[in-house]
Amino acid sequence: MTLRDFILDFNDQISQTIKYGMTCFVFKKRHFCYLATDKKTNNPYILIVEGRNIEHPLLVQGDRKRMKVLPINPMEDIPISAINEIFTKALQFYTN
């Protein structure tokens with residue numbers, strides 16, 4: 001719930017919906033990110049839709065071509081400053 005609230009409070013033009021069975025956040029009618037849980041570890045993660053256009057050391061591309069994942073360790077504090085940096089870069093991509 002904390003991550004959900006943070007994402008919605010980040011920008012007043014971000015709204016929430018459900019896509020592909022996951023919580024999806026939309027910025028100006030464009031998919032911005034997803035909030036989901038890893039099926040193997042049951043840990044939450046944020047899936048950044050335009051992740052390929054964002055460089056940040058905590059983002060993991062894996063086998064994905066377009067998206068990157070920000071894994072969240074539930075046993076540690078939420079990396080708010082890192083999420084803030086990533087979202088700021090993502091919004092710059094969407095507004096340019």
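A nonpolar core here is a set of buried Ala, Val, Leu, Ile, Met, Phe, Trp, Tyr and Cys residues joined through side-chain atoms within 4.5 Å, where buried means under 20% relative accessible area, exposed over 50%, and partly exposed in between (1.4 Å probe, protein chains only). The structure above is a predicted model, in which local features need pLDDT of at least 70 and side-chain atom pairs count only at pLDDT 80 or more, while totals for chains, interfaces and linings use all residues. Residues are numbered from 1 along each chain as its sequence is written, and side-chain values use heavy atoms, with hydrogens and water left out.

**The nonpolar core**

- In soluble globular proteins, nonpolar side chains tend to be buried together.
- The largest nonpolar core in this model has 29 residues, and the members that touch the most others are Phe32, Cys33, Ile46, Ile48, Ile83 and Phe87.
- At least two core residues come from each of α1 (2–10), β2 (22–27), β3 (30–37), β4 (44–48), β5 (68–71) and α2 (80–95); these helices (H or I, at least four residues) and strands (E, at least two) are DSSP runs, numbered from the N terminus.
- Helix α2 gives this core its largest share, six residues.
- Which residues does Ile46 contact, leaving aside its neighbours within four places in sequence? They are Leu3, Ile7, Cys33, Tyr34, Leu35, Lys68, Val69, Leu70, Ile83 and Phe87, with contact meaning heavy atoms within 4.5 Å.

**The cysteines**

- A disulfide is a covalent bond between the sulfur atoms of two cysteines.
- In this model it is counted as a pair of cysteine sulfur atoms within 2.5 Å, and the count comes to zero.
- Cys24 is in no disulfide, and its nearest cysteine sulfur, that of Cys33, is 7.4 Å away.
- Cys33 is likewise in no disulfide, with the sulfur of Cys24 as its nearest at 7.4 Å.
- Cys24 is buried at a relative accessible area of 0%, and Cys33 is buried at 0% too.

- Lys68 lies in strand β5 and counts as buried, at 6% relative accessibility.
- Where does the side chain of Lys68 reach? It meets the backbone oxygen of Ile54 at 2.9 Å, a polar contact (a pair of N or O atoms within 3.5 Å; within protein, one must be able to donate a hydrogen and the other to accept it, and residues adjacent in sequence count only if both atoms are side-chain atoms).
- Beyond its neighbours within four places in sequence, Lys68 contacts Ile46, Leu47, Ile48, Gly51, Arg52, Ile54, Glu55, Leu59, Val60 and Gln61.
- Lys89 sits in helix α2 and is partly exposed, with a relative accessible area of 34%.
- A polar atom of the Lys89 side chain lies 2.8 Å from the backbone oxygen of Glu55.
- Apart from neighbours within four places in sequence, Lys89 is in contact with Ile54 and Glu55.
- The C-alpha atoms of Lys89 and Asn53 are 8.7 Å apart, although 36 residues separate the two along the chain.

- Most residues other than glycine have a negative phi, and most peptide bonds are trans.
- Tyr20 is not a glycine, yet it has a positive phi of about 55 degrees.
- Tyr20 lies in the loop between β1 (14–19) and β2, and is exposed at a relative accessible area of 72%.
- Lys28, also not a glycine, has a positive phi of about 50 degrees.
- Lys28 is in the loop between β2 and β3, and is partly exposed with a relative accessible area of 48%.
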